[in-house]
Amino acid sequence: MTTRWRSTSSLSSCRSPAHPIQYKKGALIRDSPDPCYTSSLSSLALYKDPLHLNKKKPSHLQMETSLLALLSTTLLVTLYFFFHHLRRQKSPKLPPGPPPLPIIGNLHQLGSLPHRRLHSLAKSYGPIMFLRLGNKPTVVVSSPEAAELVLGTHDSIFSSRPSVDALRHLSYGNKGMAFAESGAYWRGMRRLCTLQLLSSAKVESFAPIRREELGRVVRRVRAAAAARDAVDVSAEVGQLIGDLACRMILGCSTRDKFNLKPVIHEALKLAGSFNLADYVPLLGALDLQGMTRRAKAVNRAIDKIFEDIIREHKEDTTGKYKGDFIDILLTGMDHPINSSSRDEPVHIMGRTNIKAITLDMIAASYESSSTAIEWALSELIRNPRVMKCLQQELEAVVGSGRTVEESDLPKLKYLEMVVKESFRLYPPGPLLIPHESTEGVEIGGYYIPKRTRVIVNAWALGRDAKAWAENAEEFLPERFENSSVDVRGRDFQLIPFGSGRRGCPGMNMGLVNVRLVLAQLVHCFDWELPQGTSPSELDMSEDFGLSMPRAKHLILRPSYRLLV
Ligand code: HEM
């Protein structure tokens, strides 16, 4: 008992009795009825007295206490690491990736050309790489094998799209197809577009429009050649593809009354940008990059044009719009978009749906084909040998007495190789359109959680040294000579149109546009750089958006080379 009271009183004398820890210690000792227990508790009290307030400690007791402290600490540390390791083993393993910063995650590492930065990051972290873009878990896929796992093996899981803030304002609340999440609505829209708007027969039916518009360009360039003027090839090709798209989709060309190109260019730039509002929702309302404001402005401009066009279609009695996309969509107005066979809601085609899908079609066809043509022609200028081979093939198949017809295309094998090689190095959508996982899944030994954004770096796949050998950076169409590798989505080292459920439904139209226009421009004209610039000096830098156009317009001096 004496010891008990001494211990308590010694504590009391050192500290104020009001101090909760001291009071608790005293209370603990006082309440113990067993002297032995009391003494062991006293030694525990010594151990628990790191400031050595209790100075009356025998030396053997001090040693015992230190030993106990050491043992307990070792045990605790061992237990911590054991359970930590166990938890890591049990919890699924995320792919490796660069460490994120607080709040912005890895957003600062994307730079102004994300396909290039992601490619170099993947060299350090591997072909399946985990990033945190703001608070959004993101996986970047950079090898053909990994792309096959995402777009082939587990296509059904990765066939959704993440919701992107600017796009919601731009594309009528994602009521189109390209940015709609997977589900009944997207399936219905996709079926409708594939069967009614983009079928082979439909693409074929627009051949006269292509001949007419391309003929117009050839005449314009021929006039420039006669005057020894340089031509802005980027502008000419952009105008041509825009006119083709508008005539097929809207039933009128951009010459008629509006210029959609700057609006669509802005829309694609917004669609491809990494908007802080998507990744750091807290900053969304501030709209620091002004993207919400720009998206709303683009939508207002587009909506006005679409409203006029729909009204004209409805009022028309001459039949001049028969068969264009708007005409077909209007005949489906107030009808179901998807079938009611599954346990899913049925969506009805309304005015907003028509405008949203029209915008998708125009945006998807506008820059993709013109970008592909620009890059192919740029590489032909830089590689006079390849240009010569292509012109020789055209002379052999078409001859100098006429221009290229669509029926010539299947016979132009070297042209096909040139186009493939250009798509390999310059996929018009370098990161495709982002995908999103609808459930957790393991790929390549890593766990990808539900609702992870998945970016497929098609630009990196085309430069994969394993798939393309050491000369992957070289423009060498002959690499396809005895190869069955194609752009249609079966060969994951070359997927300019994506692959699987979300693969491009406009591929046939895109391919015919690119092959025909390129063949015609190369067959009708010799091209050289103005002011004695040498081919190796041609600036090949790129811009980044949802598509990857040349940063600087391609300006060339043409000379006409046909006999007619
Ligand atoms: C050279 C021309 C073209 C290229 C390189 C191209 C490329 C692509 C790519 C990479 C995607 C995304 C695939 C993915 O996310 O996995 C895509 C989607 C799409 N493309 Fe194309 N495209 C071209 C022409 C066209 C044309 C002419 C149209 C229609 C008129 C079109 C309509 C679409 C649509 C609607 C989607 C979205 C599909 C979906 O999300 O389900 N494309 N395209």
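Reader: What classes of residue make up the shell around the ligand?
Author: This is a predicted model. In it, the shell around the ligand has 15 nonpolar residues, eight polar and three charged.

Reader: Which residues are closest to the ligand?
Author: Ala-364, Gly-498, Cys-504, Gly-506 and Gly-510 are the closest of the 26 that surround it.

Reader: And which helix gives the most to that shell?
Author: Helix α17, with seven residues. Both α17 and α22, residues 507-524, supply at least two each.

Reader: Switching topic. At what angle do α12 and α17 cross?
Author: Roughly 95°, and their axes come within 10 Å. Angles of 65 to 115 degrees count as roughly perpendicular, so α12 is roughly perpendicular to α17.

Reader: Which residues make that contact?
Author: From α12, Ile-264, His-265, Ala-267 and Leu-268. From α17, Ile-362, Ala-363, Tyr-366 and Glu-367. By class, the contact of α12 with α17 has six nonpolar residues, one polar and one charged.

Reader: Now Ser-378. Where is it found?
Author: Ser-378 is in helix α17, which spans residues 351-382.

Reader: Is Ser-378 buried or exposed, and why?
Author: Buried, because 22 other C-beta atoms lie within 10 Å. The cut-off for buried is 20 or more.

Reader: What does Ser-378 touch, leaving out residues up to four places away in sequence?
Author: Leu-538, Met-540, Arg-550 and Leu-554.

Reader: How far is Ser-378 from Pro-535?
Author: The two are 157 residues apart in sequence, but 9.0 Å apart in space, C-alpha to C-alpha.

Technical notes:
Residues are numbered from 1 along each chain as its sequence is written. This is a predicted model: local features need pLDDT of at least 70, side-chain atom pairs count only at pLDDT 80 or more; totals for chains, interfaces and linings use all residues. Helices (H or I, at least four residues) and strands (E, at least two) are DSSP runs, numbered from the N terminus. A residue is buried if 20 or more other C-beta atoms lie within 10 Å of its own, exposed if 12 or fewer, and partly exposed in between; C-beta atoms are placed from the backbone. Two residues are in contact if their C-beta atoms, placed from the backbone, lie within 7 Å. A residue is near a molecule or strand if its C-beta atom, placed from the backbone, lies within 6 Å of it. Ala, Val, Leu, Ile, Met, Phe, Trp, Tyr, Cys and Pro count as nonpolar, Asp, Glu, Lys and Arg as charged, and the others, Gly among them, as polar. Axes are lines fitted to C-alpha atoms, for helices over the stretch in contact, and angles run from 0 to 180 degrees between N-to-C directions. Angles under 35 degrees count as roughly parallel, over 145 as roughly antiparallel, 65 to 115 as roughly perpendicular and the rest as oblique.
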